[in-house]
Amino acid sequence: MKEMICILCPMGCHLNIDVENDYKVTGNSCPKGAIYGKEELIAPQRVVTSTVRVNGGIHHMVPVKTDKPIPKELIFQCMELLKDIKVESPQKIGTVLLKNILGTNANIVLTRDI
């Protein structure tokens, strides 16, 4: 039996996941908690947030993120891709900098105007 706290909403349900019984989840207040508990143990995913350098703007860095979660084991490879990126100013929030990173169908997007 694994225990974790669901982070999908402010309720913070205390989940119990029975690994030996097809990852049956108890303690959740909504169906999202059951999905989260099972997926977190089988194939955890995360949204990656970071910053990249800016050329030609008043700011030297701009925040970016993946537009959907990627497998947790790919986070360090994703960060390696971001370290050499430089964005030309001006750009709008939501601009896609990198498409389909690491074959995940997730994109790296700007999270503010520059």
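Does Asn100 count as buried, partly exposed or exposed, and at what relative accessibility? I looked this up in a model that is predicted. Asn100 has 37% relative accessibility and therefore counts as partly exposed, since exposed would require over 50% and buried under 20%.

**Entry: backbone of the loops**

I located Asn100 in the loop between strand 9 and strand 10 (108-110). Its phi is positive, about 45 degrees, although Asn100 is not a glycine. I then turned to Asn105, which lies in the loop between strand 9 and strand 10. Asn105 is also no glycine, and its phi is positive, near 65 degrees. With 54% relative accessibility, Asn105 counts as exposed.

I next examined the peptide bond from Ser89 to Pro90 and noted that it is cis, with omega near 0 degrees. Pro90 belongs to the loop that links strand 8 (86-88) and strand 9 (96-98). I recorded these features because most residues other than glycine have a negative phi and most peptide bonds are trans.

I traced an open sheet of five strands in the order 8-5-6-10-9, with mixed pairing. Strand 8 and strand 9 are at its edges, each with a single partner strand, so one side of each has no neighbour in the sheet. From one strand to the next, the twist averages 45 degrees.

I followed strand 5 (residues 49-55) to strand 8: the two run parallel and are joined by three bridges. Arg53 has Lys86, in strand 8, as its bridge partner.

**Entry: the helix across the sheet**

I found helix 2 (residues 75-82) lying across strand 5, strand 6 (61-66), strand 9 and strand 10. Helix 2 runs at about 10 degrees to strand 5.

Technical notes:
Residues are numbered from 1 along each chain as its sequence is written. This is a predicted model: local features need pLDDT of at least 70, side-chain atom pairs count only at pLDDT 80 or more; totals for chains, interfaces and linings use all residues. Side-chain values use heavy atoms; hydrogens and water are left out. Helices (H or I, at least four residues) and strands (E, at least two) are DSSP runs, numbered from the N terminus. Buried means under 20% relative accessible area, exposed over 50%, partly exposed in between (1.4 Å probe, protein chains only). Two strands pair if DSSP finds at least two bridges between them. Axes are lines fitted to C-alpha atoms, for helices over the stretch in contact, and angles run from 0 to 180 degrees between N-to-C directions. Contact means heavy atoms within 4.5 Å.
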